[in-house]
Amino acid sequence: MLKKPTLVALAFACSTPAIAQQSAHVHGFVSINLAIDDEELQIEFVSPAESIVGFEYEPSTATERKAVADAIALLRNPAKLFVLPAGAGCELHEVEAERHVEDDHEEHAEHEEDEHAKHGEDGEDEHAHENSGAGESHSEFHAHYHFDCKNTVIETIELRLFETWPRIEEVRVQALTPRGQVGDNIGASDPVIRLQ
């Protein structure tokens, strides 16, 4: 039988690449990777920056820098984003949150050329806002939460992401629990992760 740290580490090692591919640059979609084992709950959150602050380029104004700082502050406070069952007795042990910039200028430039070819020079390009700032980079917000819980028979986790960041349209969830694997797409009309 796998020991606690090994199972949680394995869950993240196996699931994180898939989540990164699913969420890469799809505005409005965020991903949550979740692992539960024994007395440990870990949650990983990945979102395109546009879904949270409305832009992906490097912030250049005081307003943009404040938006990024505010987003990271919120991500550092999981109680405002996730409602864990009181009976689980979970206490936050560790949290990490950051804005991550991807260095993919060439790939993005090729994508923009393809989009302009599709829409024409005068067409409405849904990605035009990404060029409104300096540079053509993509950025994401990453957060990782580690909870110690008295009871990890957790059936549901309520999400407050949709009310916090209205640009989020869907949350893609992958979870590994002692009862098995769970995958789901969650919308604002029913913002609950069900782990049954």
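Confidence in this chain is lowest in helix H4, residues 105-119, where the mean pLDDT is 43. The highest value belongs to helix H3, residues 62-75, at 98. Keep that in mind throughout, as this is a predicted model. Over residues 104-135 the pLDDT is below 50, and beyond near neighbours in sequence that stretch has 38 contacts in the model. For the chain, the mean pLDDT is 80, and 70% of the residues reach 70 or more.

Now the strands. There is an open sheet of three strands, in the order S3-S6-S9, with antiparallel pairing. Which strands stand at the edges? They are S3, residues 82-83, and S9, residues 192-194. Each has a single partner strand, so one side of each is left without a neighbour in the sheet. The pairing of S3 with S6, residues 156-159, is antiparallel and rests on two bridges. In that pairing, Val 83 sits opposite Glu 158 of S6.

Next, S7 and S8. Strand S7 covers residues 170-177 and strand S8 covers residues 180-187; they run antiparallel and are joined by eight bridges. Glu 170 has Gly 187, in S8, as its bridge partner. As a reminder for anyone tracing the backbone, strands of a sheet pair through backbone hydrogen bonds, either parallel or antiparallel.

On to the core. How many residues are in the largest nonpolar core? There are 39, and the ones touching the most other members are Ile 32, Phe 45 and Val 171. Strand S5, residues 138-149, gives the most to this core, with five residues. Take Phe 45 as an example. Leaving aside residues up to four places away in sequence, its contacts include Val 30, Ile 32, Ile 52 and Leu 75. Phe 45 also touches Phe 141, Ala 143, Tyr 145, Leu 161 and Trp 165, among others. Ser 31 and His 142 are on the list of Phe 45 contacts too.

Last, Glu 40. This residue lies in strand S2, residues 40-48. Is Glu 40 buried or exposed? Its relative accessibility is 7%, and buried means under 20%, so Glu 40 counts as buried. The side chain of Glu 40 makes a polar contact with the side chain of His 146, at 3.1 Å. Glu 40 and His 93 are 53 residues apart in sequence, while their C-alpha atoms are 9.6 Å apart in space.

Note on methods. Residues are numbered from 1 along each chain as its sequence is written. Side-chain values use heavy atoms; hydrogens and water are left out. Two strands pair if DSSP finds at least two bridges between them. Helices (H or I, at least four residues) and strands (E, at least two) are DSSP runs, numbered from the N terminus. Buried means under 20% relative accessible area, exposed over 50%, partly exposed in between (1.4 Å probe, protein chains only). A polar contact is a pair of N or O atoms within 3.5 Å; within protein, one must be able to donate a hydrogen and the other to accept it, and residues adjacent in sequence count only if both atoms are side-chain atoms. A nonpolar core is a set of buried Ala, Val, Leu, Ile, Met, Phe, Trp, Tyr and Cys residues joined through side-chain atoms within 4.5 Å. Contact means heavy atoms within 4.5 Å. pLDDT is the predictor's confidence in each residue, from 0 to 100.
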